[in-house]
Amino acid sequence: MNCQRFEEVVNDIAREQIIEAGAREAALSHSDGCGVCAVRLEDERAMTLRLRELAEAMESASAPARVEARLLAAFDQIAPSQLPAPRVSAARQYQRRYLFGAIAAGLLIVFGLLAMRALQPVPVARAPEIPPIASAGTRAPTDPQFLPPTGRQRVSGYAGSRNRSSKPKSGVSTKPGPVKNGSTEIATDFLPLTYGAATNLEEGGRMVRVDLPHSALATFGLPVNMDRANERVKADVLFGVDGLAQAIRFVR
Amino acid sequence: MATQVTDSELVRKMLGGDKTAFAELYRRRQRDVYRFALHMTGAADLAEDVTQEVFIVLMKKGNEYDELKGSVNAFLLGVTRNYVLRRLRKERSFVSIDDTLGDTIAAENASVNEALARNESIQAMRRAVLKLPPHYREVVVLCDLQELSYAEAAAVLDSKIGTVRSRLHRARGLLIERLRTSSDETAAEKEIESARCFA
């Protein structure tokens with residue numbers, strides 16, 4: 001330690017403040033070898049003693065009793081309503097600010113969304129409703145529109161017009177799961193052929209009746225009766241507007 | 001065991017109109033306020049006025065106290081400091097040191113000579129402190145005479161701890177110089193007087 005560094009800590013040593021032990025020892029050993037710093041430390045210690053004497057001498061000093069009496073009288077004169085309201089601490093003020101900010105932001109978002117909705121053009125024609133496609137392990141509800149054509153109509157087009165068959169015909173089940181169409185056909189759920197099939201069909205699509213080899217059932221994990229392996233099986237394939245097959249169901 | 005009500009709670013109660021809370025707070029803190037004012041001004045009557053003003057401020061503006069910023073004591077000493085500095089600017093001269101200090105010292109069980117010497121030393125110290133510029137005087141009073149930590153003193157003075165440390169260092173250096181000078185002058189005066197006696 002040099003004299004300059006000693007000067008930085010001499011006050012704290014003389015005043016018996018808590019300082020780093022290493023710094024204290026270094027300063028004391030420096031003052032042992034440096035006459036000027038030894039005198040400096042002695043002066044500071046003497047100053048501390050004298051200031052403590054003064055502090056002790058003044059320890060009993062206090063305001064006269066009349067001050068208290070005057071203040072209590074003044075307190076009585078100030079009506080409780082004139083006393084200032086307790087101040088909310090800074091932390092609570094910040095909390096309140098954040099709360100108001102959050103509420104304001106929430107209101108802005110709500111109004112913004114409402115305004116956006118109001119400005120959006122009303123769609124003239126609704127896209128045709130496509131039955132939901134079953135995901136793995138789920139069953140898609142069957143819409144009567146997608147029920148396969150009956151009788152001699154082997155292949156039918158689907159234009160998505162609602163007024164064509166908006167109401168289910170009597171005797172047609174609208175419950176999800178395998179559907180018995182009239183009294184002739186039973187269909188499985190639609191099985192997705194691509195990821196996001198339901199999304200791809202939101203804009204519309206077309207359903208086509210096809211004949212497939214019986215082994216096609218195995219492709220979709222359905223049981224295959226080997227006695228009828230040579231027979232064909234009917235299926236309805238749903239094509240999206242892009243022309244890609246999106247889902248399939250088998251019909252018996 | 002009953003726990004003591006904190007100063008902050010007393011302030012809250014006082015603001016709610018609780019007179020006993022105010023009285024309790026006054027009894028707890030008036031000494032620190034009064035002594036700070038007395039050390040800074042050197043005049044008992046002025047210290048008394050300042051103490052009264054400080055507690056009236058507490059009554060009227062106690063809601064400005066924020067416990068996150070510091071203790072009630074620091075708040076009160078901060079107000080005291082402002083009043084003292086204002087009064088110091090108004091009334092430039094403060095010399096009165098004639099309070100009950102001498103009686104306190106004389107009452108101790110020391111010999112009369114020792115008591116007188118000690119009294120003289122303390123008065124000299126007191127004068128030296130009073131001669132310091134206010135910004136040095138206040139750090140000596142707070143840190144050395146009222147034994148506040150650097151952080152507490154910084155809160156009272158609304159300044160940085162480093163500033164308090166450096167001011168205290170400088171203030172103590174000034175005190176050492178002045179006391180050495182005054183003791184040299186006293187010794188020289190005594191030497192002259194004794195020379196006259198023998199002349």
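Biologist: What makes chain A and chain B count as being in contact in this predicted model?

Modeller: In contact means C-beta atoms within 7 Å. In this predicted model, 33 residues of chain A meet that cut-off with 41 residues of chain B, so the two chains are in contact by that definition.

Biologist: Which helices supply the side of chain A that touches chain B?

Modeller: Helix H3 (35–57), helix H4 (65–77) and helix H5 (90–119) of chain A each give at least two residues to that side. H3(A) provides the largest share, with nine residues.

Biologist: How do you know which residues on that side of chain A are nonpolar, polar or charged?

Modeller: Sorting goes by residue type: Asp, Glu, Lys and Arg are charged, for instance, and Gly is among the polar ones. On the side of chain A touching chain B, that sorting gives 22 nonpolar residues, four polar and seven charged.

Biologist: Why do you say that strand E4 of chain A pairs with strand E5 of chain A?

Modeller: Pairing takes at least two bridges. E4 (residues 205–213) and E5 (residues 232–240) of chain A have nine bridges between them, so they pair by that rule.

Biologist: Let's go to the whole chains. What makes a residue of chain A count as buried, and what percentage does?

Modeller: The test is 20 or more other C-beta atoms within 10 Å of its own. In chain A, 19% of the 252 residues pass it. For chain B, the buried part is 36% of 199 residues.

Biologist: How do you know what secondary structure chain B has?

Modeller: A helix needs at least four residues in a DSSP run, and a strand at least two. Counting that way, chain B comes to nine helices and zero strands. Chain A comes to seven helices and six strands, in the order α-α-α-α-α-β-β-β-α-β-α-β-β.

Biologist: How much of the contact set in chain B joins residues at least 24 apart?

Modeller: Among its contacts between residues at least 6 apart in sequence, 64% do.

Technical notes
Residues numbered from 1 in each chain as written. Chains lettered and ligands numbered in written order. Predicted model: local features only at pLDDT ≥ 70, side-chain atom pairs only at ≥ 80, totals over all residues. Buried ≥ 20, exposed ≤ 12 C-beta atoms within 10 Å, placed from the backbone.
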